[in-house]
Amino acid sequence: MARVLITTVPFGAHNRLPIDLLESVGVDFEINPIGRRLKADELASMVGDVEILIAGTEPITAAVMDAAPRLRLISRVGIGLDSVDLQAARERGIAVSYTPEAPAPAVAELTFGLMLTLLRHTHVANLGMHRGEWQRQMGRRIPEVTIGVIGTGRIGSRVLRRLVPFGTPRILVNDLDPQPNLVPELRLEWVGKDTIYREADVISLHLPMTKQTRNMIGREQLMMMKPDALLINTSRGGIVNEADLYDVLREGHLGGAAIDVFQEEPYAGPLGEIDRCVLTCHMGSMSVDCRSRMEIEATEEAVRYLRSLPLECAGTEDEYAAQAPPNHD
């Protein structure tokens with residue numbers, strides 16, 4: 001009997017279908033007994049006889065794979081594969097799949113909600129009210145600001161489409177693959193990242209974690225931004241240097257930030273001291289419909305593997321190439 005370890009939590013909490021699917025094929029499965037994101041050594045201690053891993057964002061390293069000699073499939077519940085050592089998986093004959101479309105609508109909507117929150121300072125007003133303070137906040141409306149979006153893939157493009165009804169006059173965008181007609185209703189300006197840092201009032205990040213994007217935004221980039229600029233990161237922790245962001249905010253630069261993803265999760269760092277910094281707990285995909293779709297799609301890949309059928313959402317060559325060491329030939 002194949003053994004399946006489900007590390008992502010929650011799992012099956014709002015829709016039992018993924019559990020029913022596993023039961024229907026008669027596998028022995030276990031859901032993360034710790035109930036939080038696992039560390040690499042914790043995962044390694046659990047995978048000795050596991051054939052399929054239905055995974056979250058925990059680090060699945062070469063050492064973890066070496067501790068799992070029977071492992072043949074890593075099915076990621078989510079959009080990114082940066083937590084999986086893809087080269088190590090390929091070398092060991094371990095297939096990797098993911099659910100790139102499923103979480104995108106929910107992440108885009110949370111991003112848009114954070115944008116409105118920052119612009120109207122509702123988070124600051126809320127904290128003040130809880131402290132017994134009545135201090136009305138003067139904010140800005142979306143049509144009156146310049147929006148900068150870095151990364152226009154599945155999520156970034158959805159954020160842009162949600163701007164259409166607001167009639168934003170100026171939108172700056174940056175992507176490795178510029179598409180002039182991405183959202184025909186908007187006047188998109190395809191510019192370099194430095195232009196976005198300098199000219200945007202709101203900057204939203206929608207990038208994968210790669211060697212090129214790790215610590216992409218540090219003190220130098222933060223200080224290039226307007227004194228009242230707003231920064232949103234719902235993509236991956238580590239793209240924004242958290243220590244630099246804390247220092248810059250503490251010094252009074254930037255109007256605020258909203259961070260949903262962190263280098264180490266759960267996050268317990270000093271950004272929590274900054275009232276104008278909104279912190280959410282990697283909950284971009286946590287809507288009932290999108291979370292259920294992610295779990296179901298990842299489980300369906302496991303069932304396909306068990307039935308010797310082709311995977312439908314195997315990791316792309318672009319994902320593998322992004323992790324490959326540089327070629328110095």
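How many bridges join strand β9 to β10? There are 4, and the two strands run parallel.

The views show a predicted model, in which local features need pLDDT of at least 70, side-chain atom pairs count only at pLDDT 80 or more, and totals for chains, interfaces and linings use all residues. Residues are numbered from 1 along each chain as its sequence is written, and side-chain values use heavy atoms, leaving out hydrogens and water.

**View 1. Strands β9 (residues 202–205) and β10 are paired.** Pairing requires at least two DSSP bridges between two strands; strands are DSSP runs of E with at least two residues, helices are runs of H or I with at least four, and both are numbered from the N terminus. I232 in β10 is the bridge partner of S204. Between β9 and β10 the chain passes through helix α9 (residues 219–224) in a right-handed β-α-β crossover, that is, clockwise from the first strand over the helix to the second with the strands pointing away from the viewer.

**View 2. β10 and strand β11 (residues 256–259) run parallel, joined by 4 bridges.** The partner of L230 in β11 is G256. Helix α10 (residues 242–250) lies on the path from β10 to β11, and this β-α-β crossover is also right-handed.

**View 3. Strand β10 (residues 230–233) is covered on both faces.** L230 and I232 on one side, and L231 and N233 on the other, are all buried (under 20% relative accessible area; exposed is over 50%, partly exposed in between; 1.4 Å probe, protein chains only). In a regular strand, side chains alternate between the two sheet faces.

**View 4. E301 is located in helix α11 (residues 288–306).** E301 counts as buried because its relative accessibility is 2%. Leaving aside residues up to four places away in sequence, E301 touches L73, S75, S97, L311, E312, C313 and A314, with contact meaning heavy atoms within 4.5 Å.
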